[in-house]
Amino acid sequence: GGLAAARSGLALVASTVLAVGGGVLLAAGGGGPVAPTTGVELTGLAVGAALLGGTSAFGRRGGVFGTLLAVVAVTLFLRYAEVSDWRIADVAVAAVLVAGGLGVTRLVERFGRPASGPRPLPVEWSTTDAEPPAPAWSTGRQEERQESWSSALPAQPTAGRADPWDADRWGGSRR
């Protein structure tokens, strides 16, 4: 509805403003001219930090605190590597972050589910119904399964039908 569209529009505007702010900070702190690149390194670092911070790769879960903590840790590591004069490519760091983040995603998906509450009561049906409504899912038992359609194809008439491999099938002839 309208509320969902407004929220999506505001989220898009907010993410655009944050991206512009990040670009300005990146250009201001670079210490030299800004050269256009593909941005694969920065994208990999960002995705890896978000995954490492607990954001699910499936888009279901994620926290701001975990993501901020992972970004701070990655930034500190990159700065330490620069000061220590380590020759580590940003793409390699991004690959390790994404691989570790996928492991964290697996843990989040496995153990991050909310606790199971009480089971919902079964759906009641009217006492005037002769039998309960059929479930919408398959029980897996063959004897209870009812097919409402046949998998056999209807017979095709063969009388008066031309050979499908005939060269003059489409009304023209080859020259």
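Visitor: What does the secondary structure come to?
Guide: The protein has four helices and zero strands. Helices (H or I, at least four residues) and strands (E, at least two) are DSSP runs, numbered from the N terminus. Along the sequence the pattern reads α-α-α-α.

Visitor: What should I know about the model itself?
Guide: This is a predicted model: local features need pLDDT of at least 70, side-chain atom pairs count only at pLDDT 80 or more, and totals for chains, interfaces and linings use all residues. Residues are numbered from 1 along each chain as its sequence is written, and side-chain values use heavy atoms, leaving out hydrogens and water.

Visitor: How much of the protein is buried?
Guide: Buried residues are 11% of the 175 residues. Buried means under 20% relative accessible area, exposed over 50%, partly exposed in between (1.4 Å probe, protein chains only).

Visitor: Which residues of helix 3 are buried?
Guide: Ala70, Val74 and Ala81. They lie on the same side of helix 3, because they cover an arc of only 35° around the axis. The arc is taken from the directions from the helix axis to the C-beta atoms.

Visitor: What do they pack against?
Guide: The buried residues of helix 3 pack against helix 2 (40-52) and helix 4 (90-111).

Visitor: And which exposed residues are on the face turned away?
Guide: That face of helix 3 carries Val64, Phe65, Leu68, Leu69, Leu76, Glu82 and Val83.

Visitor: What follows helix 3?
Guide: Asp85 follows helix 3, and its phi is positive, near 60°.

Definitions and conventions. Contact = heavy atoms within 4.5 Å.
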